[in-house]
Amino acid sequence: MISSQRQHLILSRLRTRGAVRITALSKELGVSAMTIRRDIADLADKGLLKRVHGGAVSTSTLLSEPLFSVKSQMELGLKDAIAQRAIEYVSPGDVIAIGGGTTAYVFAQHLLESQRANGITILTNSIPVAELVQALESKDVEVIVTGGVITRSNSLVGPIADKVIASLRVNTVFLGTHSVSVPRGFLMPNSLEAATDMAMMDIADRTIILTDHTKWSSTSLSLFARFDQVDTVITDDGLDPDSATKTRDLVKELVLAHGVDEADDELPED
């Protein structure tokens, strides 16, 4: 198969899926991962897609909120590394809040598999996180779901969610973010989701942001948190030194988790 045919197929997959991974394309098209990397690099140079760790996303998803099913296939190793560090901030019996998005979802997975989840209560506006708790054989974990309007990322947002949240109190809130802007703060494409994240921060003694390093090069519209409103940012050690230095100067604590080595999936950074 010639390069132009492969690139046409890659763009076709992006239109239907919103995101593609190098390993999956390599198997599907019967070529090496390096060949797929070159095709993705060429398409990115033409502005037809956006390169991310391990694959690519459609340019149309950059300012809008991708579907949860699309985001869940992106940056898997990095999310695992971030989640492993984040569970250190939970103790048995805690009352915590977990926001929407796939990084928060992976965090919830790791937390519920650990002893730190014993006796905890989780407030969440994430339907997938609530379903995780409901699927547990042990009922030692209590979940409170906010209610509200469902977003493309399977989060519950809006006035109903915000009213439920305002009546409660939690030790720590764990939130994902669509993008990180230095020195502005943390942003979402959905203004209602940004407002609900702010409501969760208002009832929390401590706010922790969970986000991989690619979010420093993304763009969104709605600010939900300034750096001085956040206690800890947990990201991966793929964050470039300049961004790490600037972020560390702005936030109380920056944690760099050691990312899982995905050599076959690795893309050169833009």
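1. P183 sits in the loop between β10 (179–181) and β11 (185–188); strands here are DSSP runs of E with at least two residues, and helices are runs of H or I with at least four, numbered from the N terminus. The peptide bond from V182 to P183 is cis, with omega near 10 degrees. This is a predicted model, in which local features need pLDDT of at least 70, side-chain atom pairs count only at pLDDT 80 or more, and totals for chains, interfaces and linings use all residues. Residues are numbered from 1 along each chain as its sequence is written, and side-chain values use heavy atoms, with hydrogens and water left out.

2. Phi of N154 is near 60 degrees, a positive value in a residue other than glycine. N154 is partly exposed, at a relative accessible area of 29% (buried is under 20%, exposed over 50%, partly exposed in between; 1.4 Å probe, protein chains only).

3. An open sheet is formed by 3 strands in the order β1-β3-β2, with antiparallel pairing. β1 (19–21) and β2 (50–52) are the edge strands, each pairing on one side only. From one strand to the next, the twist averages 25 degrees. Two strands count as paired if DSSP finds at least two bridges between them; β1 and β3 (residues 55–57) are joined by 3 bridges. V57 in β3 is the bridge partner of A19.

4. Helix α2 (residues 22–29) packs on this sheet and touches β1 and β3, contact meaning heavy atoms within 4.5 Å. The direction of α2 makes about 75 degrees with that of β1. Axes are lines fitted to C-alpha atoms, for helices over the stretch in contact, and angles run from 0 to 180 degrees between N-to-C directions.

5. The axes of α8 (residues 159–166) and α9 come within 9 Å and cross at roughly 5 degrees. The two helices are therefore roughly parallel to each other (angles under 35 degrees; over 145 is roughly antiparallel, 65 to 115 roughly perpendicular, the rest oblique). A161, D162 and I165 of α8 meet A195, T196, A199 and M200 of α9. By class, this contact has 5 nonpolar, 1 polar and 1 charged residues.

6. Helix α9 (residues 191–202) also contains D197. D197 counts as buried, at 1% relative accessibility. Leaving aside residues up to four places away in sequence, D197 touches L175, G176, M188 and F224.

Key: Nonpolar A, V, L, I, M, F, W, Y, C, P; charged D, E, K, R; others polar.
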